[in-house]
Amino acid sequence: MDEKSSGSHQRLLIVLLMSLLFGVIMVQYVCPSRSECRMLHQLGSWLKVGGATGSRSGGNGAQDGPQKDPYIAEDGALVRFVPRFNFTKADLNRGVDFNIKGDDVIVFLHIQKTGGTTFGRHLVRNIQLERPCECHAGQKKCTCYRPGKKETWLFSRFSTGWSCGLHADWTELTKCVPSRMDTKEAPLNLLRRNYYYITILRDPVSRYLSEWRHVQRGATWKASLHVCEGRSPTLSELPSCYSGDDWSGCSLQEFMDCPYNLANNRQTRMLADLSLVGCYNVSSMSEEERWAVLLESAKRNLRGMAFFGLTEYQRKTQYLFERTFNLEFIAPFTQLNGTRASGVDVPPETQHRIRQLNRWDVELYEYGRDLFLQRFQVARQHERRKARERRQQERRRLRGRLAKQGRQLKPTGTPRQPDSHSAVTEEQQREVLLPEWWDLDENSTMEDYMDNVEQW
C-alpha cells in the first residue's frame, strides 16, 4: 500500500513539474521581450539556473541560442524583425571612404535630448586613432587633429564647439559648416572636401518628456540662432512660450499647451530643409501641408546621411558607426534605460497626447528605426558571408596541402605497414579526391548553415 502511495506521489510530482516546465516554455514564446511579462521571465530564469549551469560546465551548450548574439540581447530587439519600408541597396549598404589623413570631416548634428552628449563624448574620447583627440580636465572641448596635421577631422560640440550656433539644425549646418571649415582650414586641393553628416534619433515620447524635465529644471536654448535663408526668425515668427528668463517649474500640461513649443516634432524640423517651407514663416502654406513637406525632407536627409544611430540601440549604433567609417571604439557602448524621462509616471492618455503633438516625429522615428535595423541586418549578413568565405579559403588551403602530401606518397616495391604519424590516411586521401565544387557549398558546415538563415 505504501509502495502504491509513494508511486502515485512520484507520478503526481512529475506531472506538476512537466506542467510547470510547459508553462515556462509558453511564457518564453508568448512574451519574447524581457520588457514585457517581467515577473514571468524572472520565474523562468530562476527555473533555468540549474540547466544553464550544467550546459556551461558541459561546453558550449549555453551559447548555442540566439542569446549568444550581444546585439540581440543588449536591447531586447525582436529576433524576427519584419521590415515595413522598401529601401534601395545604396540606402542599406552604408560605407564611406573616410580619409582622416586627407580633408574629410565628420559633422555631428546634435538634436536635444537624444543622448547626443554621450555619443559626442564617444567621438572624442573613445575611438582608436593614430592620433587620439587631446582632452584636458576642466575643458569642454577637445583637440581632434589629423595625423601629422593641425587640422580637425570632427565638427561637433566637443571638438569645434557650437561654431554654427547652439544645437544647429540641418538647415544651418549645411550652409555654415563648409564656409567655417574653409575659413579655418583651406583644403590643400581645389576639390571640395567630403562632409559626412551623422546624428542620433530617439523615441519621440521619451525624448519629449526628457526635454520637458530639462526645461523644468531651468534649462533654455535661447542662444540658438535658428538661421534660415540668411536670417534668424522674428519674434512674431517664433514666439516664446514663457515671459521670464526661463521656464523652470513648468508643468507637463503647460509644456504641452504651448503652441509655439519647439519641442514638438523637434527631430523632424531639425533634420529637414526649412527653406522648402519658407523657414519659420508659417503663413505660406497650411500646417498639414507644411509638416508633410518637412517630413519628406527629413526622411530624404536621414537616408542620405553617412550614418545615424538610435538611442534605444546603443550596441547596434556602435556597430554601424564602426562599419561605416572603418573606425573602432575602445570601450563598448552601454545601454542605459534609467533616464530621468523613464522615471516619469505618465498616464496613458497623456502619452497619447504627446504622440499626437509629435505625430511627425513618430512617423520619422518609425521610418528611421526600420532603415536602421535593415542596415544592421545587411551589415551583419555581409560580415557573416565574409567569415564564411574565409573559412572556405582555409579549407581549400588545407585540402591543397593534403593533396600535395598524397602526390608525394608513392608506392614502393615492398609493401609496408601504414604509419599513423607519417603517412596520409585513407580517409584523408578520399577527401583529397573530392570534386572542387564540394568546397563551394555555402552550407558545408553547420556554422555556415546558421549564418545563411535569414533572421527577418
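**Salt bridges, sheet and buried residues in the predicted model**

Aspartate 257 and arginine 353 form a salt bridge in which the closest N and O atoms are 3.5 Å apart; a salt bridge is a side-chain nitrogen of Lys or Arg within 4 Å of a carboxyl oxygen of Asp or Glu. Because aspartate 257 lies in helix H9 (residues 252–257) and arginine 353 in helix H13 (residues 348–357), the pair ties together parts that are 96 residues apart in sequence. Helices (H or I, at least four residues) and strands (E, at least two) are DSSP runs, numbered from the N terminus. Aspartate 257 is partly exposed at 43% relative accessibility, and arginine 353 is partly exposed with a relative accessible area of 28%. Buried means under 20% relative accessible area, exposed over 50%, and partly exposed in between (1.4 Å probe, protein chains only).

The structure is a predicted model, in which local features need pLDDT of at least 70 and side-chain atom pairs count only at pLDDT 80 or more, while totals for chains, interfaces and linings use all residues. Residues are numbered from 1 along each chain as its sequence is written, and side-chain values use heavy atoms, with hydrogens and water left out.

In total, 13 salt bridges are present in the structure. One of them joins glutamate 237 to arginine 231, with the closest N and O atoms 2.9 Å apart; arginine 231 is partly exposed, at 43% relative accessibility. Another joins the side chains of glutamate 211 and arginine 207 (2.7 Å, N to O). Both residues lie in helix H8, 4 residues apart, about one turn of the helix, and helix H8 spans residues 204–216. Glutamate 211 and arginine 207 are both buried, glutamate 211 having a relative accessible area of 2%. A network of salt bridges links Arg207, Glu211 and Arg266. With residues up to four places away in sequence left out, glutamate 211 touches Lys113, Trp221, Phe255, Ala263 and Arg266, where contact means heavy atoms within 4.5 Å.

An open sheet is built from 4 strands in the order E2-E1-E3-E4, with parallel pairing. Its edge strands, E2 (154–155) and E4 (307–310), each pair on one side only. Two strands are taken to pair if DSSP finds at least two bridges between them. Strand E1 (residues 105–109) pairs with strand E3 (residues 195–201) in the parallel sense over 5 bridges, and E1 pairs with E2, also in the parallel sense, over 2 bridges. Valine 107 has tyrosine 197 as its bridge partner in E3 and stands opposite phenylalanine 155 in E2. Phenylalanine 108 stands opposite isoleucine 198 in E3. Of the 5 residues of E1, 5 are buried. Val105, Val107 and Leu109 point one way from the strand, whereas Ile106 and Phe108 point the other way.

Phenylalanine 372 belongs to helix H14 (residues 359–408) and is buried, at 0% relative accessibility. The C-alpha atom of phenylalanine 372 is separated by 9.2 Å from that of phenylalanine 307, 65 residues apart along the chain. Residues up to four places away in sequence aside, phenylalanine 372 touches Phe308, Gly309, Leu310, Tyr313, Lys316, Thr317 and Leu320.
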